[in-house]
Amino acid sequence: MLQAANLNPLQKLALRFAVVSLLFYGLAILEGIIMRAHQINYELMTTPHYFAVMEAHPMVGIFGSSFMLAFGAFYFLVPTLLKKNIYSQRLGELTWILMTIGVSIIWISAFFFRFAALYTNYWPLPVSKEFSPFGLAAFAIGNIILMTGVFLFCYNLFATVFHQRDEKKPIGPMLMSALGIDGFINLYRRLIGRGVEKEAIMPLPIVAIFRGTIDTVLDAFVLGGISLIFLYHAINSFMGVNLSTDWFDALLYKNIYWWGLDLIADGLVLIYVAGTWYLLATLISGKELYMRNVARAALLVELIVSWNVWAHHLLSDQAQPNIMKIISGEMVTAFELVTMGIAIFITLKTLWEARPLKMTPPLKFLLGGILGFSLGVPAGIIQADLGMNRILHNTQWVIGAHGHMQLLVGLGMTLFAALYALFPMLTNNLQLKSKALTNIHFWTHLIGGVGMAMAMGFAGMDGMLRRAVYPGDNTFQPHMIVAAFFGSLLIVAYLAMMLNIISSIGIRGLIEIFIKLPGGERRETKPAVQT
Amino acid sequence: MIESNNIFALLKVVYVIYVGIVFSLVGMYVFGLTAKTKVRPGIKVPFYGWVAILVFFGVGIHIMTFHKIPWVKWDLSRNTMKVDKEFNIAIADYEYQIPEEQLVIQRGETVRFNLESRDYTYGFGLFREDGTMVFQMQVVPGHSNDIVWKFDKPASYTIRSTEYSGPKGANLFATNAVIVSSEPAVAQIDKDQSL
């Protein structure tokens, strides 16, 4: 059982993020299955309530669960890999608290006030009379608090990378290394056959985390910014002032909003994921990363790519200039296939060089994550095409074969790989109790995630829209029944994982991650990691 | 003329094969990775060869669809295209304001749909009777939203909003609002005779 009293502050911080993340993940799965039941015509709720659940679902899943788990892991990994102290433990604690409050308020805005402008928030729907000002205000406040937490994480992370408390180092070379520029320089030196390759200052996972966090800042800036506008409208509604919505052009808004929102999917997810793969590959194989200079350079290329791909979300907007559709929407977007493909190649090759390897839980889940992105990224490239998007846009294909394949299978399994790898480090070498439960988690999650995403993809190809209801229409019921069957496997996976973790940590240990209970017995154990 | 349901019938097969290939490759990789005796891979892909393959497929798909899918060219050149018919449709307060009860098109006609939204962002999609989609576009308020399409098969289509515009938008559709009659358009007959 976990002896929480023996944990160092950084371990506790990471575990707090992990516990909250897994609870939000459970909520997201519950929401998913409720919506699935509604889609196969079980009248569980009214249409406004259904869309309210759909409003909360991505916020809980992405920010409450995925971001939370990633941030917790990075708060632990960045100081550990850099062998320096975290800039501010307090800011770290404040991050998970604010993010938890923010996501919870957003959930309340949907559950109690039926606010349902959905993830896209297309102007002027959120500030329209379709929703109560209480719902709008709650969503805006929740999102502002959430984004404040995200900003604090970014600030704390950058400060941890660059602070000079432990050792004085020049900032310039550190910044160049963190951006991956030294990878380009080394490649250039090798190309011209001159000079010696310089050893990079920053470990490669730090480069990926740093790079991904730049996109996180920009994303938080856009989402936080629109929330301030929403709040301004809500306050005016409370005061009886009906503000005009004409001041903001709907198409310009859509471009700005998608530019920021897309940084989540195409910027930081792919980059954070690449960084996590590189870290896991080196940890599992015990070898240096294959073609590490290329990996560093590719992370910098992804910076350019991720800032210029948003127009693939506007391929069906006829007022959007064709040149933007072709260059940003099609061509630059296609390079996400290249950057992700490079990350897959480097990770697999690094592992291959260390064979034979034992199939441990982190390795299994890492390969599951790679499989998820191998299926999800090409699906995204297919829909980011002028011809295909004319039909696939806003269908179940987008959110199934692409979105859920990447998020549930690709990102989800990568995060679980990190969770299983970090678990002993965070708990002073505590081992998970059951290998059988780990295996059940792996197989049910993999089969459930892929099966559900494929069923949704087929529904999309047959014309089913992703944010619509079909009451009394059974056209897509077979697809949704198959999706529900595979979706229910995800619940089994979640329960297996939670049972394994809780039985290993113990209820007391779990609570003591957050608060000290009376009567605890302190046993001396050696911390796995010193910071 | 190639239609969307032909493309997706093919895509379904390609997609299933692709998923099978990915699972097989991962399975073979795992076998090689964990085997106690070192397994030599049947195919060796050099790194830069792999990058070239990715670029080829990433860019190649757009070049292929540009040449094979007719509506890509219609879309890119729609401002200069001559059409046989033009329909102006407005959307306001979750209702399509369609000029006639049914929009009748003759087989072979090229049609421009001009859509205007007076409040929110909606969608405009045409669906076949089996639920499959013919095409769709976004209808953004404050902007002109038009699409050009050529209809060469007699059919009856339902209009449905393909963009979420609030819970009330779930009921935004007009069943069998577009009819393509089996009588070929005069322009098409002239064209066929000239051939």
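**Close-up 1. Trp123(A), a buried residue in an aromatic pair.** Trp123(A) counts as buried because its relative accessibility is 1%, under the 20% cut-off. The model shown is predicted. Over all chains, the count of aromatic pairs comes to 55. Trp123(A) pairs with Trp247(A) in an edge-to-face arrangement. The ring centres lie 5.6 Å apart, with 75° between the planes. The pair links distant parts of the chain, 124 residues apart. Trp123(A) sits in the loop between helix 3 (89-111) and helix 4 (133-162) of chain A. Trp247(A) sits in the loop between helix 7 (204-238) and helix 8 (250-285) of chain A.

**Close-up 2. An edge-to-face pair of Phe345(A) and Phe47(B).** Centre to centre, the two rings are 5.3 Å apart, and their planes make an angle of 70°. Phe345(A) belongs to helix 10 (residues 322-352) of chain A and Phe47(B) to helix 2 (residues 47-68) of chain B, so the pair joins two chains. Phe345(A) counts as buried, at 14% relative accessibility. Phe47(B) also counts as buried, at 6%.

**Close-up 3. A cluster of aromatic rings in chain B.**

**Close-up 4. Lys73(B) over the face of Phe66(B).** Lys73(B) lies at 5.2 Å from the ring centre of Phe66(B).

**Close-up 5. Arg160(B) over the face of Tyr470(A).** Here the residue above the ring belongs to chain B and the ring to chain A. Arg160(B) lies at 4.5 Å from the ring centre of Tyr470(A).

Key:
Residues are numbered from 1 along each chain as its sequence is written. Chains are lettered from A and ligands numbered from 1 in the order in which they are written. This is a predicted model: local features need pLDDT of at least 70, side-chain atom pairs count only at pLDDT 80 or more; totals for chains, interfaces and linings use all residues. Side-chain values use heavy atoms; hydrogens and water are left out. Rings of Phe, Tyr and Trp (its six-membered ring) pair if their centres lie within 6.5 Å; planes under 30 degrees apart count as stacked, over 60 as edge-to-face and the rest as tilted. Helices (H or I, at least four residues) and strands (E, at least two) are DSSP runs, numbered from the N terminus. Buried means under 20% relative accessible area, exposed over 50%, partly exposed in between (1.4 Å probe, protein chains only). A charge sits over a ring if NZ of Lys or CZ of Arg is within 6 Å of the ring centre and within 35 degrees of the ring normal.
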